[in-house]
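Colleague: Could you take me through this model by setting each value against the definition behind it?

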Amino acid sequence: MKPVCSLLALVVTLLLFTATSGDGDGDAVENITAVLGHSITFRCPSNRSTPVERLYIQRFKNDKEDFINGFYRGQPLPVLPEYQNRTKVNEMELSMEMRNISVSDEGLYKCLVFINNKPEISKILLKVTAEYSVPTITKDCNKPGDGGAGKSCQLSCSAVGGYPQSTVRWTGLNQSLTNVIYNRSSADNESKTWTINQTIVHNCNQPTNISCAVGGSVSHTITICETESFPFVVIVAIAVVLVFVLLLVFVVVMKCCFRGPQRDDGAGETGVRFIFSTSER
């Protein structure tokens, strides 16, 4: 079994060498885009009027060309392990489906379609994209006078899982009042997708609705630099005190209005004595 595989590999190498050393490569490059984790189909153009003898799909990598998949006179050819279970050639359409796309698949590919032992060469540039998560946006605003300065807000925006690398874009901010204090982008070692973080300081001049975007993903909208309102707790306390004072005044007024007339005992006794004195006379 091993000698047969070695022989097939040698045949493929010789055929690829023959194809590469044939007519010059075409100048036109077709651009296709695949979504990370999805599938993409490479379609090799051909002005064929007779049956195709061979189809090779190769990739330019590290200054050489790697064979991806293809066929020779109706028979499949040996495929590298990394492409065995996720590439499939359609001989009738002269195409190849590649499944479970990863960032490492991005690059330049070449189609070689052989008719009458003469290759028709075309190039395909594969680009990979991945949507960023909905950005997380946060704010931390100080009060006027803190630190001897006017009111300002520290704003942060972050998103993960996207490709290719992108930047943070702010909507609703006056850039002349904004300073970037932290900006970091990092790629995951395995998936090669990016995490984007940025923190800025915005000096307030009026209430503003803002949002941030990374790639094609946009955060929810928040309001910053709002006008300071009187604390709710203080308002409630003042209301309670006013109610208590009003009740106290009401009680005092009610006591004054409904209290009975006072009796002057001294005046009554004098009157009685005066009457008795007159009678005796």
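Modeller: Let me begin with burial, where buried means under 20% relative accessible area, exposed means over 50%, and partly exposed is in between, with a 1.4 Å probe and protein chains only. By that definition Cys44 is buried, and so is Cys111. This is a predicted model, in which local features need pLDDT of at least 70 and side-chain atom pairs count only at pLDDT 80 or more, while totals for chains, interfaces and linings use all residues. Residues are numbered from 1 along each chain as its sequence is written, and side-chain values use heavy atoms, with hydrogens and water left out.

Colleague: What makes Cys44 and Cys111 a disulfide?

Modeller: A disulfide is a pair of cysteine sulfur atoms within 2.5 Å, and the sulfur atoms of Cys44 and Cys111 are 2.1 Å apart, which puts them in that class. The link of Cys44 and Cys111 is left-handed, with -60° about the S-S bond. Cys44 lies in the loop between E2 and strand E3 (54-61), whereas Cys111 belongs to strand E8 (residues 107-115), so the pair ties together parts that are 67 residues apart in sequence. Strands here (E, at least two residues), like helices (H or I, at least four), are DSSP runs numbered from the N terminus.

Colleague: How many disulfides does this rule give, and which pattern do they follow?

Modeller: The count comes to four disulfides, and with bonded cysteines counted along the chain the pattern is 1-2, 3-4, 5-7, 6-8.

Colleague: What can be said of the disulfide of Cys157 and Cys212?

Modeller: The sulfur atoms of Cys157 and Cys212 are 2.1 Å apart in this disulfide, and the torsion about the S-S bond is about 80°, so the disulfide is right-handed. The pair links distant parts of the chain, with Cys157 in strand E11 and Cys212 in strand E15 (residues 208-214), 55 residues apart. Cys157 has 1% relative accessibility and therefore counts as buried.

Colleague: Why are E2 and E6 said to stand at the edges of their sheet?

Modeller: Two strands pair if DSSP finds at least two bridges between them, and the open sheet of three strands has the order E2-E7-E6 with antiparallel pairing. Strand E2 (40-43) and strand E6 (87-90) each have a single partner strand, so one side of each is left without a neighbour in the sheet. Four bridges join E2 to strand E7 (residues 95-98), and the bridge partner of Ile40 in E7 is Met98.

Colleague: How do you know whether Asp66 is buried or exposed?

Modeller: Asp66, which lies in strand E4 (residues 64-72), counts as buried because its relative accessibility is 19%. With contact meaning heavy atoms within 4.5 Å, and leaving aside neighbours within four places in sequence, Asp66 is in contact with Ile57, Gln58, Arg59, Lys61 and Leu80.
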